[in-house]
Amino acid sequence: MTRAMTTTTATTTVESPPPPKRPKLHGRTFYQSIGSPKRIVAPMVDASELAWRILSRKYNADAAYSPMLHARLFAETEPYRRQSLRYAPTSTSASHPEALLSYDGDHRLDRPFLIQFCANDPQHLLAAAKIAQHHCDAVDLNLGCPQGIARKGHYGAFLQEQPDLIYKLINTLHKELDVPVTAKIRILDTKESTLAYAKMVLDAGASILTVHGRRRDQKSHNTGLADWSYIRYLRDNLPPETVIFANGNILYNADVEACLEVTGADGVMCAETNLYNPAIFMPPTASFEERFPRVDVMVRQYLHIVRDLTFGEGNPVVELSKEQYRENASLTCVKSHLFKLLHAVFTRKEYHYIRNTLGKATGHKFDEILKLANELEKVVEEQLKLTPETPEQWDEIMKEAGGPGADAKILRIPWWRCQPYVRPTPQQAYENGAMQKSKKELSVASREGSKESKRELDTGSTASDSKERAPAKRQKLEEPQLEQIKVND
Ligand SMILES: Cc1cc2nc3c(=O)[nH]c(=O)nc-3n(C[C@H](O)[C@H](O)[C@H](O)COP(=O)(O)O)c2cc1C
């Protein structure tokens with residue numbers, strides 16, 4: 001992947017000059033020019049960095065987004081830029097050791113690649129996007145982030161009430177950039193308002209529209225199910241040349257095909273499940289082992305990508321300074337990726353010692369983390385000696401699936417294989433005491449009294465939700481899993 005180098009100053013950024021201008025394409029023509037990607041790694045803060053994208057592409061992802069970057073900080077702050085992106089080498093720096101490493105948007109390993117920003121000021125966004133555009137195929141605007149930090153910073157889904165500002169942000173990039181602009185939205189309260197919103201975003205110049213089928217208030221314990229019927233509605237009511245990516249409710253490989261079929265979208269974007277099982281995008285023809293790879297194999301493969309990106313292929317792993325560590329996004333995300341990849345292993349008490357070792361490991365001493373891969377392999381090998389797997393068992397597990405999409409059930413994947421994290425429904429979170437109804441919700445439920453409104457409150461879903469995805473798809477959490485419920489964008 002990367003060629004040998006002799007120093008450990010791998011994280012130094014090298015500014016690159018703008019490459020020769022390509023004709024600027026738009027909409028479907030642009031989409032086709034990047035190979036019509038269908039399986040897309042979502043933008044994820046602290047999670048869709050270079051190493052992770054390379055890993056996901058090895059497992060059949062067709063395209064990937066950067067983590068969301070803050071446009072003003074990116075435009076104005078060199079240290080933030082250095083922490084966010086590793087630039088392509090310039091011809092003048094080609095003799096530098098850093099030039100031998102892979103970089104964000106590397107044509108050999110990291111395309112198609114879209115860089116995402118959050119912003120509320122068109123000039124900040126433009127300044128940032130002008131720097132970023134030489135390293136990617138398109139620049140994306142985040143209009144979906146529902147977190148408190150987005151409310152405070154006034155970006156993401158908190159721009160929804162300001163269509164004029166959204167128009168200006170997108171239109172400025174559409175007119176001024178050399179590469180296309182794309183946007184990622186959440187659905188609104190009704191299909192009609194979501195359609196009007198989507199039309200505005202497209203009129204402003206977005207070449208691809210990603211639709212996350214959840215509303216702004218569907219977050220953390222109230223995440224619930226995404227509503228694919230909204231995305232289908234957009235597909236049916238927008239011109240056929242509109243390129244749409246559908247986002248939400250992907251737990252198993254079969255869901256990708258089901259989502260394409262139900263929504264009619266051009267591509268499916270996946271976030272959370274990709275972090276728990278990077279093989280989520282393997283094709284329908286893939287074997288059980290290819291869909292649910294052994295965790296020890298996945299961890300080793302991932303850590304080797306990080307090692308090669310950081311030190312250069314074949315070079316010794318040495319301790320890094322804290323600054324070198326901080327400026328290497330692929331390295332700073334390692335622990336959090338490992339916790340997710342290993343979540344099923346860590347539900348077992350006998351392996352809590354591995355969890356504790358990982359918890360204590362210091363990121364800039366990468367060799368400590370590499371040793372974990374050996375321990376993990378030992379543990380899985382021992383388990384497989386005790387309970388060897390057979391193709392018949394795998395067939396049995398897959399039979400439980402009961403078909404793709406709405407009818408699928410939670411599969412009993414062994415703990416030593418990568419598998420999705422199944423978030424509890426709001427109802428399960430209430431039952432487990434992880435979430436409590438607000439006074440307002442309780443009084444609305446008792447006032448309206450209808451069975452249907454109670455059901456919606458309990459499940460956070462509507463009748464159309466349950467048609468798209470049966471709540472049976474969610475499993476009851478065991479104790480250790482409950483600890484891991486985490487806040488999602
Ligand atoms: C760890 C994590 C980080 C995320 N960061 C971003 C982000 O930077 N930008 C963004 O638009 N969405 C972000 N999201 C939201 C996802 O892109 C996606 O819209 C959402 O998780 C729903 O998809 P899923 O059901 O496949 O998880 C993030 C999600 C997760 C799990």
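How confident is the prediction across the protein? The average pLDDT is 85, and 80% of the residues score at least 70. If you go element by element, strand S8, residues 243-247, has the highest mean pLDDT, at 99. At the other end is helix H24, residues 479-482, whose mean of 27 is the lowest among the elements.

Two stretches call for some care. Over residues 1-15 the pLDDT stays under 50, and the model has 53 contacts beyond four places in sequence for them. Residues 448-489 also stay under 50, and there the model has 76 contacts beyond four places in sequence.

Find helix H2, residues 50-58, and helix H13, residues 295-311. Their axes come within 9 Å and cross at roughly 130°, which means that H2 is oblique to H13. The crossing of H2 past H13 is right-handed. Which residues of H2 and H13 meet? On the H2 side we have Leu50, Ala51, Ile54 and Leu55, and they meet Gln301, Tyr302, Ile305, Val306 and Leu309 of H13. Sorted by class, that contact has 8 nonpolar residues, 1 polar residue and no charged ones.

On to the second pair, helix H8, residues 191-204, and helix H9, residues 228-237. Here the axes are 10 Å apart and the packing angle is about 55°, so H8 is oblique to H9. H8 passes H9 in a right-handed crossing. H8 brings Lys191, Thr194, Leu195 and Ala198 to the contact, while H9 brings Tyr230, Tyr233, Leu234 and Asn237. The classes in this contact of H8 with H9 are 5 nonpolar, 2 polar and 1 charged.

Is Leu341 buried or exposed? Leu341 counts as buried because it has 22 C-beta neighbours inside 10 Å, and the cut-off for buried is 20 or more. Leaving out residues up to four places away in sequence, Leu341 touches Tyr276, Val295, Met298, Val299 and Cys418. Take Val299 from that list: Val299 is 42 residues from Leu341 in sequence, yet their C-alpha atoms are 7.5 Å apart in space.

Conventions: Residues are numbered from 1 along each chain as its sequence is written. This is a predicted model: local features need pLDDT of at least 70, side-chain atom pairs count only at pLDDT 80 or more; totals for chains, interfaces and linings use all residues. Axes are lines fitted to C-alpha atoms, for helices over the stretch in contact, and angles run from 0 to 180 degrees between N-to-C directions. Helices (H or I, at least four residues) and strands (E, at least two) are DSSP runs, numbered from the N terminus. Angles under 35 degrees count as roughly parallel, over 145 as roughly antiparallel, 65 to 115 as roughly perpendicular and the rest as oblique. A crossing is left-handed if the near helix is turned anticlockwise from the far one by less than a right angle, and right-handed if clockwise. Two residues are in contact if their C-beta atoms, placed from the backbone, lie within 7 Å. Ala, Val, Leu, Ile, Met, Phe, Trp, Tyr, Cys and Pro count as nonpolar, Asp, Glu, Lys and Arg as charged, and the others, Gly among them, as polar. pLDDT is the predictor's confidence in each residue, from 0 to 100. A residue is buried if 20 or more other C-beta atoms lie within 10 Å of its own, exposed if 12 or fewer, and partly exposed in between; C-beta atoms are placed from the backbone.
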